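Colleague: Hi! Could you walk me through this one?

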Amino acid sequence: EDVPSARLYLSQVISALRERHPVRFTYRPYTRVNPTRDVVVEPYFLKIFRQRWYVTGRHTASGKVKTYALDRITRLIVHPETFEPDPEFDAEEYFSSSFGIVFTHGEVKRIALKVESRQARYFRDLPLHHSQEEVVHDGYSIFYYRMRISPDLVSEILSYGSKVRVLEPRELK
């Protein structure tokens with residue numbers, strides 16, 4: 001598959017990540033008209049989701065861990081100095097209760113999805129999340145998860161249309 005976000009800066013970010021160099025760039029999020037200039041990030045890891053590469057790292061100005069889509073970045077510069085990653089930060093743990101790339105600080109919820117039996121086959125082959133558990137019924141399955149509700153999760157569920165119905169939690173229905 002074509003991955004447009006890999007065209008310009010992926011190799012530079014990989015190199016910066018391996019060698020622990022901060023990167024400076026201009027960021028053009030979809031949510032704002034004007035770009036944010038001179039964003040400096042100490043890259044911790046890369047993740048691909050829906051044909052897009054994302055870099056997650058410590059935003060030096062705020063000290064917070066943030067994620068940026070590589071295809072929304074322009075004018076990337078790798079700084080020559082090095083940094084030491086936070087030894088307490090665990091990339092797998094960071095996204096362990098999430099679906100997709102959008103990190104939310106919300107509470108981890110028990111999620112139950114009623115899935116038509118034919119669609120359930122796809123869920124078995126490509127689980128939405130590592131916490132997935134299935135209870136098989138006649139003509140459908142109920143899949144249970146432990147994760148945070150995020151825009152990526154909502155979008156995924158909606159993409160299945162009438163083949164998937166949210167049973168819980170109430171705020172996801």
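Pockets and a helix

Modeller: By class, seven nonpolar residues, one polar and one charged line the second largest pocket. Nonpolar means Ala, Val, Leu, Ile, Met, Phe, Trp, Tyr, Cys and Pro; Asp, Glu, Lys and Arg are charged; the others, Gly among them, are polar. This is a predicted model, where local features need pLDDT of at least 70 and side-chain atom pairs pLDDT 80 or more, while totals for chains, interfaces and linings use all residues. Numbering starts from 1 along each chain, and side-chain values use heavy atoms, without hydrogens or water.

Colleague: Which residues line the second largest pocket?

Modeller: They are F99, Q119, Y122, F123, L126, P127, L128, E156 and Y160. Helix α3 gives the largest share, three residues. (Helices are DSSP runs of H or I, at least four residues; strands are E, at least two; both are numbered from the N terminus.)

Colleague: And in α3, which residues are buried?

Modeller: Q119, A120 and F123, in the helix spanning 117-125. Buried means under 20% relative accessible area, exposed over 50%, with a 1.4 Å probe and protein chains only. The three cover an arc of only 110 degrees around the axis, so they sit on the same side of α3.

Colleague: What about the face turned away from that side?

Modeller: That face of α3 carries the exposed R118, R121, Y122 and D125.

Colleague: What do the buried ones pack against?

Modeller: Strands β6 (109-116), β7 (133-137), β8 (140-147) and β9 (164-168).

Colleague: New topic: what lines the largest pocket, by class?

Modeller: Its lining has 14 nonpolar, six polar and seven charged residues. β4 supplies the largest share, five residues.

Terms used. The arc is that of the directions from the helix axis to the C-beta atoms. Contact means heavy atoms within 4.5 Å. On a 1 Å grid over the protein atoms alone, a cavity is a set of points where a 1.4 Å probe fits but cannot get out, and a pocket is an open set with protein on both sides within 12 Å along at least five of seven lines; lining residues have an atom within 4 Å of a point.
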